Amino acid sequence: MAAAVLVGRPASVLPKISSACSPAVLSAVPVAVQHRKLHHAVIPKGKGGRSSSSGIAATVFGATGFLGRYVVNRLGRMGSQIIIPHRCDQYDLMYLRPMGDLGQIIFMEWDARDKDSIKRALENSNVVINLVGREWETRNYPFEDVFVTIPQQIAKATREAGITKFVHMSHLNADIRSPSKYLRNKAVGETAVRDEFPDAIIMKPSEMFGREDRFFNHYANMRWFGRVVPLIGMGKKTVKQPVHVVDVAKAIINAVKDPDANGKTYALVGPNRYLLHDLVEYIYAVAHRPFLPYPLPRPLYHFAAQFFAMNPFEPWTTPDKVDRFHTTDMKYPGLPGLEDLGIVPATVEQRAIEVLRRHRRFRYLEAELDETKPAKTVGY
């Protein structure tokens, strides 16, 4: 945290100075001098670990989401002070409290449309991380607000506060020409953030998988709907390169600590590419469930997804999610990736069991992965 102290001469002294000094001398007298003092919380000390001080005071917007809990955990275990703006109930924050040492995690309510609320959330930080996102639109928060307006306001407030580290979360397939409204707004949000904060660090991960994900779990739960898995074109026209959520969290932390990361865009992907059909087949093989795919035309898939989208709470799927999951992951050979941040990405075969074990029947709960044939990879 940093605090600014203004030191100036009293108003009663200024007339005496002006009467006794020439105009040239008067112009050289500073009326207000700003001294910036470092708070003890941002001075690195200790041997490392949660009870030390890493020198990082980070405001993490969107910390209550899927990726946010892993980022907060990584920050807390290295001894950082973390400010978590939130709009949820206190019970939804309980799992975040033990992730840092006593007093190192600070919760504060914020209004995403209130500029003063955003400024208060980051005024004492030296790092700002924006993880705000949502997979479906609501009446109060359409994709334009979630992915464009709010990140733009956060980037602007970060720049005006004099903070030099700002990390923004985008998507690997963010493209203004995408059929997915989610991905189109992600692309517009990237441009808006870069315009407001040219030195922003932009992360472009592919679809992330982990214990609480909505990717592997989404397909594994399809068995409850007729025991069949609908895929556009049988999933053989879509190529995916999923990345483990822990690797993305590590990338964010390493980028924060890297002084050369400012202004860069990172493409965060897993080591292997798979056809969507083969990837979903492997998901069911690990879960020891029968895999029964069938081709479903896109218009019919959209029609069925519209009924789920009517759910006023959390829709299981939406037409936009159908388009996003059936979009082939792009390749960015010119952008730095996980390896440039010193991270060896985990494969699907190494981490999928952590996600899918709970989808197994009891008899297969402790079955070895050696019994499961690895998914086929593709090079295109």
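This is a predicted model: local features need pLDDT of at least 70, side-chain atom pairs count only at pLDDT 80 or more; totals for chains, interfaces and linings use all residues.
Trainee: In what order do the seven strands of the open sheet come?

Mentor: The order is β5-β4-β3-β6-β7-β8-β13, with parallel pairing.

Trainee: And which strands stand at the edges?

Mentor: β5 (105–109) and β13 (265–268). Each has a single partner strand, so one side of each lacks a neighbour in the sheet.

Trainee: By how many degrees are neighbouring strands turned against each other?

Mentor: On average by 20°, with direction ignored.

Trainee: Back to β13. How many bridges join β8 to it?

Mentor: Four, and the two strands run parallel; β8 covers residues 201–205. To find the place in the model, look at M203, which stands opposite Y266 in β13.

Trainee: Which strands does helix α8 touch?

Mentor: Helix α8 (residues 245–257) packs on the sheet and touches β6, β7, β8 and β13. Its direction makes about 155° with that of β7.

Trainee: What about α5, where does that helix lie?

Mentor: Helix α5 (residues 143–160) lies across β3 (57–61), β6 (127–130) and β7 (165–169). It runs at about 170° to β7.

Trainee: Changing topic: how many salt bridges does the structure hold?

Mentor: The count is 16. One of them is between the side chains of E135 and R324, at 3.4 Å from N to O.

Trainee: Which parts does that pair tie together?

Mentor: E135 lies in the loop between β6 and α5, and R324 in helix α11 (residues 319–325), so the pair links parts 189 residues apart in sequence.

Trainee: Are E135 and R324 buried or exposed?

Mentor: E135 has 18% relative accessibility and counts as buried, because the cut-off is under 20%. R324 is at 2% and also counts as buried.

Trainee: Where do E354 and R351 lie?

Mentor: Both are in helix α12 (residues 348–356), three residues apart, which is about one turn of the helix. E354 is partly exposed at 29% relative accessible area, and R351 is partly exposed at 32%.

Trainee: Which residues do salt bridges with shared partners join into one network?

Mentor: E135, E207, K321 and R324.

Definitions and conventions. Residues are numbered from 1 along each chain as its sequence is written. Side-chain values use heavy atoms; hydrogens and water are left out. Two strands pair if DSSP finds at least two bridges between them. Axes are lines fitted to C-alpha atoms, for helices over the stretch in contact, and angles run from 0 to 180 degrees between N-to-C directions. Contact means heavy atoms within 4.5 Å. A salt bridge is a side-chain nitrogen of Lys or Arg within 4 Å of a carboxyl oxygen of Asp or Glu. Buried means under 20% relative accessible area, exposed over 50%, partly exposed in between (1.4 Å probe, protein chains only).
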